[in-house]
Amino acid sequence: MIAAGFNRAQWGYAVLVVVGLAAPFYVYPVFAMNVLCLALFASAFNLLLGYSGLLSFGHAAFLGAGGYVTLEVIRAWRLPIELAIIVGTVVAVLLGIIFGALAIRRSGIYFAMITLGFAQVVYFLVLQMPWTGGEDGLQGVSRGKLLGIVNLQGNLAMYYFVYAVFLAGFWIIHRTIHSPFGHVLRAIRENEPRAISLGYDVDRYKLLAFVISAGLSGLAGSMKALVVQSANLSDVHWHRSGAVVLMTLLGGMGTTLGPSVGALIVAALENYLASYGSWIAVITGGVFIACVLAFRRGIVGEIRALVKRSF
Amino acid sequence: MIQALSGQLLVGLINGSFYALLSLGLAIIFGLLDVVNFAHGAQYMLGAFVAWMAMQYLGINYWSALILVPLAVGVLGIVFEQLVLRRLYGLDPLYGLLLTFGLALVLEGIFQNAFGISGKSYPVPDLLQGGTNLGFMFLPRYRMWVVVVSIAVCFGCWFMIERTRLGAYLRAGTENPVLLQAFGVNVPLIRALTYGFGVALAAFAGVMAAPIYQVTPLMGSGVIMVVFAVVVIGGMGSIAGSIITGLGLGLIEGLTKFFYAPASDVVVFVVMALVLLARPAGLFGRQL
């Protein structure tokens, strides 16, 4: 009955959900969790770049803030894990409101430079504040129990928790994109003066998109920090902000699944190249150049174009 | 007290000179090519490193390096423009930003692999060693040289762009490249040369910086973010604006280092936020 109502796209999603359920039995669960967190991060970023046309070069600030705050409130205030995640996300939302309200006063490349600058402020704060552990970061925080019942120290239990959060976040993004609000965002991306002349308060739409994106990035950061039970400077470094741009670009900006595909590839790349040290930067940079030159639509975008052409 | 304050102000003035040189190059490139050259910091690093390598392996001294290194790095820039960057003209400027970001990662990664992250030191040339005692502070000769030369180069660029025929082509190309080409001016050639010039300016700043800062593969990435903030504050529309903003922010940074050192890394970005609040278009900017 339900199955009969599925269209082709929904079948595709159903298959992916099953793949996600089975994943921890076939790949190393911590790697799979890491991919899910990065996929949520990139999808949240894509809401901004792909659907609103705003390139933020400072999204690591939200990821890092979510992670650091979540771990710190668990360690210092002994908050239960679900509350800690909420606190981390709320802090990212607040940061998003401040940064967003200032950054949307300029557009295009200036927007990118401003967000990059604000993220540097967060980086230096994390480096210098007493509770963030400076160069060492925060380490060895226990995951604890979900709702006081489910012990998350086991990787399998943690995986399904992360997976549930990922699906919820992905669903929020999906709903946002396909809502009237999402259509207005696309209208602004395509032709801002026209959207203004139609009576839309463009700045409010942009700000809301920025805050949603920042909040979900913070959520992804909270989860990621809990997975590895640590947060360090690389989470707030501009390399991380660049990496999320790469994930989105590589997978396909403005596509629903693209950022997740990009996250999977970048995470795998970082995993396999971890022993090569700074060659990662060279290869990442090379992939960036290749993407911009050869396939700007990204992997999912190219596949979609191919399918459209052949049917 | 006075000594420490004037010492920090001098450091600020020197940092400001580099901000001015770099933001000037960035503005010139952006004006004609519509590309935000994210690799500007990496090219500045390249300048310092090539000068260090030239001295280490070829025995080329500071004075020759000051001419030869910017030329060599500038030529590399032109090759990059011709082979790669050219293909993005007419697209959204965001792609140029992403492409040059990739280039910056590649350049930094290569040098990090070859030389590690520890700094190399480059000796101050004999002629500029020592300094003058002004009574309230000691003024090293090399630092004075950096400030004077940077201001002279900035002024030279301003003069070239605002007062010469070549500069008129450049300004015309910024306003309307299609019309300029219709008048028989070779716009693609001017674009390539402009990119090469901007890159050479970054490399020149790099050579000048080599004896002052440690030469490291990552020396460019910290600077470029401050320079971006300078560009947001000053606006890229005016050459004089980017020079004044660069020097001014260097001084503000120096003052902050004196009064409250931990804030000196972020003060530029705080100023950026304040300017965005008060004058969203930037101090010297015209359009949003």
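This is a predicted model: local features need pLDDT of at least 70, side-chain atom pairs count only at pLDDT 80 or more; totals for chains, interfaces and linings use all residues.

1. I would start where the two chains meet. On the chain B side, 34 residues are in contact with 33 residues of chain A. Three helices of chain B each give two or more residues to that side: H4 (93-115), H9 (219-234) and H11 (267-278). H4(B) is the leading contributor, giving 16 residues. Sorted by class, the side of chain B that touches chain A holds 27 nonpolar, 4 polar and 3 charged residues.

2. The largest nonpolar core counts 191 residues, and A:Leu40, B:Ala48 and B:Met272 have the most contacts inside it. Helix H2 (residues 29-52) of chain A gives the most to this core, namely 16 residues. As general background, nonpolar side chains tend to be buried together in soluble globular proteins.

3. What does A:Leu40 touch, once residues up to four places away in sequence are not counted? The list is A:Phe166, A:Gly169, A:Phe170, A:Leu216, A:Leu219 and A:Ala220.

4. In chain B, have a look at how helix H5 (residues 141-163) meets helix H6 (residues 165-175). Their axes come within 5 Å and cross at roughly 75 degrees. An angle from 65 to 115 degrees counts as roughly perpendicular, and H5(B) and H6(B) are therefore roughly perpendicular to each other. From H5(B), the contact uses B:Met160, B:Ile161, B:Glu162 and B:Arg163, while H6(B) brings B:Leu166, B:Gly167, B:Leu170 and B:Arg171. By class, this contact has 4 nonpolar, 1 polar and 3 charged residues.

5. Back in chain A, helix H10 (residues 238-251) deserves a moment. Its 14 residues reach 20 Å from first C-alpha to last, close to the 20 Å expected at 1.5 Å a residue. H10(A) is mostly covered, with 13 of its 14 residues buried. After H10(A) comes A:Gly252, which has a positive phi near 125 degrees.

6. Leaving aside neighbours within four places in sequence, A:Trp238 is in contact with A:Ala60, A:Leu116 and A:Ala119. A:Arg204, by contrast, is 34 residues from A:Trp238 in sequence and 27 Å away in space, C-alpha to C-alpha.

7. Two backbone angles in chain A are worth a check. Most residues other than glycine have a negative phi. A:Arg78 is not a glycine, yet its phi is positive, about 55 degrees. A:Arg78 sits in the loop between helix H3 (60-77) and helix H4 (81-103) of chain A. With 9 other C-beta atoms within 10 Å, A:Arg78 is exposed, because 12 or fewer counts as exposed.

8. The second case is A:Gln229, again not a glycine and again with a positive phi of about 55 degrees. A:Gln229 is found in the loop between helix H9 (202-228) and H10 of chain A. Its 16 C-beta neighbours inside 10 Å make A:Gln229 partly exposed.

Terms used: Residues are numbered from 1 along each chain as its sequence is written. Chains are lettered from A and ligands numbered from 1 in the order in which they are written. Two residues are in contact if their C-beta atoms, placed from the backbone, lie within 7 Å. Helices (H or I, at least four residues) and strands (E, at least two) are DSSP runs, numbered from the N terminus. Ala, Val, Leu, Ile, Met, Phe, Trp, Tyr, Cys and Pro count as nonpolar, Asp, Glu, Lys and Arg as charged, and the others, Gly among them, as polar. The expected span of a helix is 1.5 Å times one less than its number of residues. A residue is buried if 20 or more other C-beta atoms lie within 10 Å of its own, exposed if 12 or fewer, and partly exposed in between; C-beta atoms are placed from the backbone. Axes are lines fitted to C-alpha atoms, for helices over the stretch in contact, and angles run from 0 to 180 degrees between N-to-C directions. Angles under 35 degrees count as roughly parallel, over 145 as roughly antiparallel, 65 to 115 as roughly perpendicular and the rest as oblique. A nonpolar core is a set of buried Ala, Val, Leu, Ile, Met, Phe, Trp, Tyr and Cys residues joined through C-beta atoms within 7 Å.
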